[in-house]
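Visitor: I am new to this structure. Please pick one part and take me through it closely.

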Amino acid sequence: MYKNMATLIGTGISTKLDSFAAGKEAALSAYYQIEKNYPDILIIFISTIYNQHETIKGIRSIIRDTPIIGCSSIGSISSYGSHQDSVAVFIISSNSISFFCGIGDKISANSRLAGSKAAIKAFGSIKKHAPKQAYMMFCDSVSGNSADILRGAQEILGTCFPIIGGGACNKLYSSKTYQYADNEIYTDSVTGVIISGAMVLGVGQSSSWQPIGKPHKITKAKFNVIKEIDKRPAVKMYEEYFEKSFEEIKNDGIFKLGINYPLGVRQIDKNREYITRVPLTLEYNGSLVLNANIREEEDVSLMISDKELILESAKNAAEKALSYIKNTKIKFATMFSDISRFLLLRNDAYKEIDLVKEIIGREIPILGCYTLGEYGLLNAAESAGQYCFNSHSVSITLFSE
Amino acid sequence: MYYITVFASVAGVLFMLYHLELTRRIKLERSNKKLQDIVDQLDDQAKIIIKTDLALNKVQEDLDRKIAGLYTLHELSRKLSSTFNIENIFGMINQPFVLKLGFSKLLVTLKDNSTGLMAIKSSAGYSDAETKTIETEFNKINFASFMFKKEKPTLVNRLMESIDRRWNLLDLLKVESFLTAPIVTREESIGFIIAGNTSMYGKISENDSELISILTGLIGTAIESAKLYTELFGSHRELERRVAERTKELEKLNEELKNLNKMKSDFISSVSHELRTPLTSIKGYASILMTGKLGDVLPAQKERLEKIDKHSNSLVHLINNLLDIARIESGKIQMEMKDISIKEMLDSIVDIITPQIKEKNISLKINSKTKFDKIKADHSQIERIFLNLLSNAVKFTPEKGTVTVDVEEKDDVIQFSIDDTGIGIPPQDIPKVFQEFFRADNALDQKIKGSGLGLSLVKKIVEAHKGKIWFNSELGKGSRFTFTLPKY
């Protein structure tokens with residue numbers, strides 16, 4: 001149990017192989033930790049191995065009316081470590097923090113509009129002069145353009161307003177993902193929550209993927225679709241590096257390659273931080289559909305990483321976040337780590353969380369999950385404090401008094 | 001001339017500059033080419049690194065998948081061992097289990113012995129309608145007959161020459177690849193499992209065969225155990241039902257016996273009453289006749305009258321015993337429980353029995369090993385017990401024999417034993433000793449008079465005191481009758 005003045009955080013994790021029972025167990029465990037105080041919000045992350053409706057029914061059998069926000073994932077991140085195939089229920093009970101939820105649907109039709117709709121709903125519920133501290137959002141990462149969703153939210157909240165969270169994901173990678181708001185389970189949507197209250201935020205984000213091989217030129221691209229690289233169909237780049245035919249890549253799935261070997265489009269600071277994009281689908285003309293926008297005429301490289309680089313970047317992100325909130329008391333932290341990192345770390349996934357705990361304090365409760373793309377602040381100086389969407393990163397936010 | 005010289009010099013310088021620029025360009029191009037070659041070489045090396053990294057990732061992924069699968073099967077095995085209900089077994093093969101095992105769809109199909117058709121008992125990743133369609137199709141193509149011939153898991157994907165060509169199963173099952181294996185119990189195939197993946201990212205390989213083999217083995221064993229348990233449970237219940245039925249019958253018979261016994265007791269009681277009244281008259285008239293008030297009584301007549309009196313007394317004694325047995329059985333006699341001194345009671349009994357003992361020159365020993373001298377009992381009834389047992393002992397013990405009374409304290413009871421050195425009881429008569437009117441079939445017994453009600457009455461009195469009575473006897477050596485009475 002984490003007790004901090006008037007803010008209590010309850011963490012419940014279950015890996016039971018029965019959807020309802022797992023939801024119930026996780027909720028009960030979290031509820032006990034807030035000493036049965038009134039829960040203000042439930043942040044939940046449910047693995048797609050579970051029947052989503054049954055799991056939420058299980059959670060609701062313990063806590064009935066509290067607003068729910070969250071998304072599907074392959075695993076949860078908490079102070080207890082990394083739990084693949086789990087149900088995670090985080091309860092926040094506080095008299096100093098308030099939460100206002102919103103939902104935007106049909107992101108495949110118009111990602112930007114869905115992003116702004118969710119932000120408007122969340123923002124519209126909040127009192128005019130209440131201090132708005134952060135917006136945490138979870139989007140369907142496979143059906144739309146995650147950068148456009150962010151842009152939609154930023155149209156309402158501003159480009160420098162802290163936006164954290166990430167893309168929902170599925171154990172079967174590019175399959176359907178789910179977003180939760182209250183008792184509803186959405187897909188092809190974005191759900192978000194405004195976090196309001198007197199507090200200080202520290203946000204840090206870091207990626208660890210580095211370019212390998214020579215840079216190539218994006219010669220034809222539109223929004224999140226790369227049509228040509230070096231004046232050839234974009235897929236040729238993957239065909240050559242992996243010595244696989246178009247058919248092989250199509251059959252195996254470009255996402256399977258892209259999640260471990262994404263495209264790096266530009267270095268954004270001297271610390272070797274790159275903006276990365278994941279190819280989600282391969283079109284018959286050889287174009288690659290990415291998870292976010294990309295610009296024409298930019299250099300693009302194939303990216304690679306290893307366990308050490310990943311752990312180093314988790315340390316960087318935590319240190320960056322901590323640098324903003326020196327001499328304050330941290331109430332809790334959120335941590336969203338890309339699934340590519342989990343797939344590379346595998347059994348060592350706990351090390352990433354352990355490193356973060358070592359930096360921010362072992363007693364600080366951590367709420368989070370594995371995401372497909374993360375929202376955060378990759379480099380405050382270079383981006384003039386503008387929040388961005390990046391893949392293969394870890395995004396850590398510290399909430400302190 | 002001057003101009004010519006200047007022109008030639010300028011031309012020479014220009015030529016030299018041109019030459020130098022050309023040389024520089026050539027060098028630059030060469031350098032660029034070299035750099036490009038290095039970049040290309042590095043790019044080729046990068047390709048090798050990527051391929052190696054990809055291969056290592058694949059190995060790691062397969063290993064992780066196998067470990068996760070085995071761990072999931074271990075969890076299932078643990079849960080299966082705690083249930084003997086077949087429906088519960090199928091309930092455990094649910095969506096979370098299947099996905100954790102590394103498949104997106106799974107079907108467990110069993111043969112319905114009553115219809116001979118295959119029935120899908122567990123389905124993950126399919127709607128009810130899809131499950132029904134697949135079940136119908138399986139029965140239509142008689143897929144079971146094909147599967148039941150297989151011993152090992154069969155892999156099916158779009159790239160293989162396989163059973164799919166015959167039945168187009170991949171489309172029916174809506175998967176990219178699948179593994180199927182029979183469920184075997186006691187070397188008989190009872191069904192099969194199909195585990196498939198829709199996602200191209202989780203293509204099933206031969207490596208997954210092991211997981212499916214273990215899964216079918218676990219299900220087969222669990223089904224077999226559940227069936228055995230059900231059979232055992234059924235037999236147990238049948239046995240319990242029969243025992244209950246028989247108990248009920250016995251209770252009924254017992255009740256009937258009790259009623260009959262009561263009827264017998266009532267009958268004996270009423271007959272005894274009816275007999276006692278005329279007997280009292282006979283005895284009375286015989287006494288009057290013997291006094292001579294009604295005329296002189298000749299010696300021969302007196303002798304006959306005395307016999308009438310004596311036999312009347314025996315008859316009264318017999319009737320009284322019969323009445324007592326009937327009363328005790330029917331609960332009409334209430335024991336008047338009082339504290340009795342064991343020593344005093346034994347002294348008084350010895351006084352009564354002494355003449356008979358002396359008559360046969362029998363030695364009577366009393367061994368009391370108890371420090372506890374009190375029992376709670378009906379004094380007159382306890383006296384009857386001792387008198388009956390001691391009389392019998394004296395009656396059946398030859399002259400100069402020994403009769404011993406032992407008194408011992410055992411837990412909550414006082415145990416009395418009357419031991420004699422008499423003729424003993426023949427083994428065939430032992431079970432009948434406490435029966436009413438029983439008399440042993442031996443010469444001595446026939447000679448010694450008795451009604452055959454004494455021991456029966458003794459047993460009834462002991463039991464009315466919540467005590468127990470038993471005996472040991474050896475023919476020709478003697479008998480030992482033992483009874484207990486509660487201390488309190």
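Guide: What follows is a close look at one helix, then at some other contacts. The model is predicted, so local features need pLDDT of at least 70 and side-chain atom pairs count only at pLDDT 80 or more, while totals for chains, interfaces and linings use all residues. Residues are numbered from 1 along each chain as its sequence is written, chains are lettered from A and ligands numbered from 1 in the order in which they are written, and side-chain values use heavy atoms, leaving out hydrogens and water.

Start with helix 9 of chain B, residues 299-330. Helices here are DSSP runs of H or I with at least four residues, strands are E runs with at least two, and both are numbered from the N terminus. Axes are lines fitted to C-alpha atoms, for helices over the stretch in contact, and angles run from 0 to 180 degrees between N-to-C directions.

The axes of helix 8 (residues 209-291) and helix 9 of chain B come within 8 Å and cross at roughly 155°. That makes the two roughly antiparallel. (Under 35 degrees counts as roughly parallel, over 145 as roughly antiparallel, 65 to 115 as roughly perpendicular, the rest as oblique.) Their crossing is left-handed: the near helix is turned anticlockwise from the far one by less than a right angle, where clockwise would be right-handed. The contact residues are 15 nonpolar, nine polar and eight charged. Nonpolar covers Ala, Val, Leu, Ile, Met, Phe, Trp, Tyr, Cys and Pro; charged covers Asp, Glu, Lys and Arg; the others, Gly among them, are polar.

Helix 9 of chain B also meets helix 13 of chain B, residues 454-464, with axes within 10 Å and a crossing of roughly 30°. This pair is therefore roughly parallel. The crossing is left-handed. Helix 9 of chain B brings Asn321(B), Asp324(B), Ile325(B), Ile328(B) and Glu329(B). Helix 13 of chain B answers with Ser456(B), Leu457(B), Lys460(B), Ile461(B) and Ala464(B). Contact means heavy atoms within 4.5 Å. Five of these residues are nonpolar, two polar and three charged.

Now chain A. Its helix 8 (residues 307-324) and helix 10 (residues 349-360) pack at about 30°, axes 9 Å apart. They are therefore roughly parallel. Helix 8 of chain A passes helix 10 of chain A in a right-handed crossing.

How do the chains meet? The contact takes 36 residues from chain A and 29 from chain B. Together they bury about 2800 Å², 57% of it on carbon and sulfur atoms. Buried area is the accessible area (1.4 Å probe) that two parts lose on being put together, summed over both. Four salt bridges cross the interface. (Each is a side-chain nitrogen of Lys or Arg within 4 Å of a carboxyl oxygen of Asp or Glu.) Arg346(A) pairs with Asp64(B) in a salt bridge, closest N and O atoms 3.1 Å apart. Over all chains, the count comes to 44 salt bridges.
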